[in-house]
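Dear colleague,

Please find the structure below, passed on to you for your studies. I would ask you to keep it open while you read the remarks that come after it.

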Amino acid sequence: SWPVQRRARVTVESSALDRPRQVDTDTDGRYQLTQLPAGTYTVRAEKAGFVPRLADPRRAFQRPESFEVAAGVAVSRDLPMVRGAAIEGQVLD
């Protein structure tokens, strides 16, 4: 398990799974997925009003980086998120 935002939805995907698996984080932002078969996985966290924190914002629409999971090995991944925001208005010249 690893920290995310509290009450966020975490989704893991892999060709080793017949369908994506999802779990919600607890009030401390922690979650745990068990009994995952060995394979290559991607993981993402989603919560209304939050966006993933990216090292390079130019890559915001790329798929999450994949990682390997070996049988019987615990893996942890940080999924930092920040509160989303938008600015609305008009630019007049």
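Predicted model: local features only at pLDDT ≥ 70, side-chain atom pairs only at ≥ 80, totals over all residues.

Strands of a sheet pair through backbone hydrogen bonds, in either a parallel or an antiparallel way. Here, 4 strands make up an open sheet, arranged in the order β2-β1-β3-β5 with antiparallel pairing. At the edges lie β2 (21-24) and β5 (67-69), each of which pairs on one side only. On average, neighbouring strands of this sheet are turned by 35° against each other, direction ignored. Strand β3 (residues 39-46) is joined to β5 by 3 bridges.

The core. The largest nonpolar core has 14 residues, and those touching the most other members are V10, V12, Y31, Y41, V43 and L79. Two or more residues come from each of β1 (9-14), β3 and β5. The most are given by β3, with 3 residues.

Residue Y41. This residue stands opposite F67 in β5. Leaving aside neighbours within four places in sequence, the contacts of Y41 include V12, L17, L36, F67 and V69.

Residue T11. Is T11 buried or exposed? T11 has 1% relative accessibility; buried means under 20%, so T11 counts as buried. T11 is placed in strand β1, and its side chain makes a polar contact with the side chain of Q22 (3.1 Å). Not counting residues up to four places away in sequence, T11 also touches others, among them P20, R21, T42 and V43.

Yours sincerely

Methods:
Residues numbered from 1 in each chain as written. Heavy atoms only, no water. Pairing = 2+ DSSP bridges. Axes fitted to C-alpha atoms, helices over the stretch in contact; angles between N-to-C directions. Core = buried A, V, L, I, M, F, W, Y, C linked by side-chain atoms within 4.5 Å. Buried < 20%, exposed > 50% of the residue type's maximum accessible area, 1.4 Å probe, protein only. Contact = heavy atoms within 4.5 Å. Polar contact = N/O pair within 3.5 Å; in protein donor to acceptor, adjacent residues only side chain to side chain.
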